[in-house]
Amino acid sequence: MAKEIICYHTNRSHVALRPNMVSLADGFRALGCAVTECDLDNRADTDACYTRLLSDGNAIAFTVGNNDLGMVLHDENGAPYYPYDAIDTPHVSVMLDVPYNPCVTGFDTPCRHHIATLLDRHVAPILPLAWPKKRMAGIFLPLGGTQALTEDQAFSAARPYDVVVSGVFPRGEAWPRRRWHEEGLPAAACSILDEAADRLELEPKNSWDGVLDVLAARGFSSDVFRRRMIPYLPLMQRYIKQYRRLKAVEFLVRAGITPDVFGDGWEGVPFADGLRLHGPVPYEEMLAIMGKAKVVYQDNAEFANGAHDRVFTAMLNGAVVVSEESTYLAEAFENGKDIVLFDWKTGAGRVAESVPVLIADETLRLSFALRAYGKAKAHHTWRNRAARIAEAVELLYGV
């Protein structure tokens with residue numbers, strides 16, 4: 001790929017956006033690509049990149065940014081405009097969550113040649129249902145892991161944290177609410193969401209699959225019914241993500257383990273006295289914390305068939321990952337040898353059985369960590385993700 005790549009980043013909307021996109025840019029460079037990083041916080045930098053796109057777009061292979069970064073600009077009056085509605089250069093959106101998470105924007109943003117990466121391989125069918133008039137390709141591609149420590153550091157430094165949990169819980173809430181009953185939804189929709197929630201509390205699936213199962217059981221399998229339920233998925237996603245995260249951490253407390261929890265909102269949960277709360281921390285500091293953890297404990301929430309970058313980042317910094325089940329993680333790693341996966345039926349017992357042993361037996365813990373490190377280093381870095389993105393663009397657009 002001889003042409004140049006423009007990689008957008010910013011600090012404005014998400015603390016991890018810039019480090020991740022800088023890592024992705026470095027991944028493209030490692031593949032031999034020419035890369036220009038466009039700092040969207042710098043107006044002169046942004047103007048220069050868009051001037052080049054408009055005047056000599058053929059010199060650019062493609063552009064890339066998290067969510068809708070780079071796809072939406074604002075004029076001097078603050079009004080938005082959409083340059084990719086008039087540019088033939090392909091754009092790749094590296095999405096940070098499932099399409100029905102309302103915080104993830106860019107799926108519906110005008111763009112002539114748009115590729116969106118997906119963190120769960122079961123959600124691709126939503127794209128043509130939710131945005132039928134838009135030409136958009138979805139590719140399954142979890143975020144890459146970030147390595148903050150050298151290999152020597154990762155396997156020689158002290159690890160003062162036994163079990164680390166990172167993630168937020170809604171401040172002021174003790175237990176998740178099924179908010180669809182508060183939104184004035186049709187009774188039929190509430191019934192479907194309730195049944196899906198009941199299933200998802202017991203089965204390792206994402207919200208989309210849970211709703212599809214209920215629709216199929218009712219005989220409502222055609223696309224018109226599936227499309228009708230898509231606007232309600234954010235309510236389900238919020239509920240089940242909170243529920244699964246809370247239950248996962250409760251497994252630890254029930255096992256007599258006191259985790260170090262980094263993230264906002266945990267003060268009000270029913271078992272808060274069984275947690276060591278550290279509050280929110282910056283992204284860079286969280287990288288260092290993972291390098292000081294024996295075990296990083298992960299809920300999978302909406303990625304039952306995918307993964308979050310925390311899994312790979314933990315492995316690349318020498319921690320052992322104990323995670324909620326994922327079909328993708330089960331294929332990428334060997335359960336019981338380089339990762340520990342738990343489900344929702346036997347999860348409490350699995351956590352109680354495995355985590356204390358990993359904490360107490362450093363030789364065993366290191367064997368897990370070394371095996372996982374090798375696989376993550378070989379297959380789950382931002383360089384790996386850059387290679388897959390470049391391949392997808394070349395296959396679709398020949399550049």
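A: Start with Thr46. Setting aside neighbours within four places in sequence, Thr46 is in contact with Cys38, Asp39, Leu40 and Leu73 (contact means heavy atoms within 4.5 Å). Thr46 sits in helix H2, residues 43–56. Helices (H or I, at least four residues) and strands (E, at least two) are DSSP runs, numbered from the N terminus. Thr46 has a relative accessible area of 7% and is buried. Here buried means under 20% relative accessible area, exposed means over 50%, and partly exposed lies in between, with a 1.4 Å probe and protein chains only.

A word on the basis. This is a predicted model, in which local features need pLDDT of at least 70 and side-chain atom pairs count only at pLDDT 80 or more, while totals for chains, interfaces and linings use all residues. Residues are numbered from 1 along each chain as its sequence is written, and side-chain values use heavy atoms, with hydrogens and water left out.

A disulfide is a pair of cysteine sulfur atoms within 2.5 Å. The count is zero. Cys38 is in no disulfide: the nearest cysteine sulfur, in Cys49, is 3.6 Å away. At 0% relative accessibility, Cys38 is buried. Cys33 is buried too, at 11%. The closest cysteine sulfur to that of Cys33 belongs to Cys7, 12 Å away and too far for a bond.

Leaving out residues up to four places away in sequence, Val64 touches Ile5, Ile6, Cys7, Tyr8, Met21, Leu24, Phe28, His91, Val92 and Val94. Val64 and Phe28 touch the most other members of the largest nonpolar core, which has 77 residues. Such a core is a set of buried Ala, Val, Leu, Ile, Met, Phe, Trp, Tyr and Cys residues joined through side-chain atoms within 4.5 Å. Helix H5 (residues 187–200) supplies the largest share of this core, seven residues. A second, separate core has 28 residues, among them Phe251, Val261, Trp266 and Val322.

Next, helix H8, residues 233–254. From first C-alpha to last, its 22 residues reach 31 Å, close to the expected 32 Å. That expectation is 1.5 Å times one less than the number of residues. Of the 22 residues in H8, 17 are buried. Gly256 follows the helix, with a positive phi near 80 degrees.

Now the charged pairs. A salt bridge puts a side-chain nitrogen of Lys or Arg within 4 Å of a carboxyl oxygen of Asp or Glu. The structure holds 34 of them. Arg244 and Glu324 pair at 2.5 Å, N to O. Arg244 is in H8 and Glu324 in strand E13 (residues 320–324), so the pair ties together parts 80 residues apart in sequence. Both partners are buried.

Asp194 pairs with Arg178, with the closest N and O atoms 3.2 Å apart. Asp194 lies in H5 and Arg178 in the loop between strand E9 (161–166) and H5, so this bridge joins parts 16 residues apart in sequence.

Arg371 and Glu334 meet at 3.0 Å, N to O. Arg371 is in helix H13 (residues 362–379), and Glu334 is in the loop between helix H11 (327–332) and strand E14 (340–342), 37 residues apart. Arg371 is partly exposed at 36% relative accessible area. Glu334 is partly exposed at 34%.

Salt bridges also form a network, which links Glu173, Arg177, Arg179, Glu182 and Arg238.
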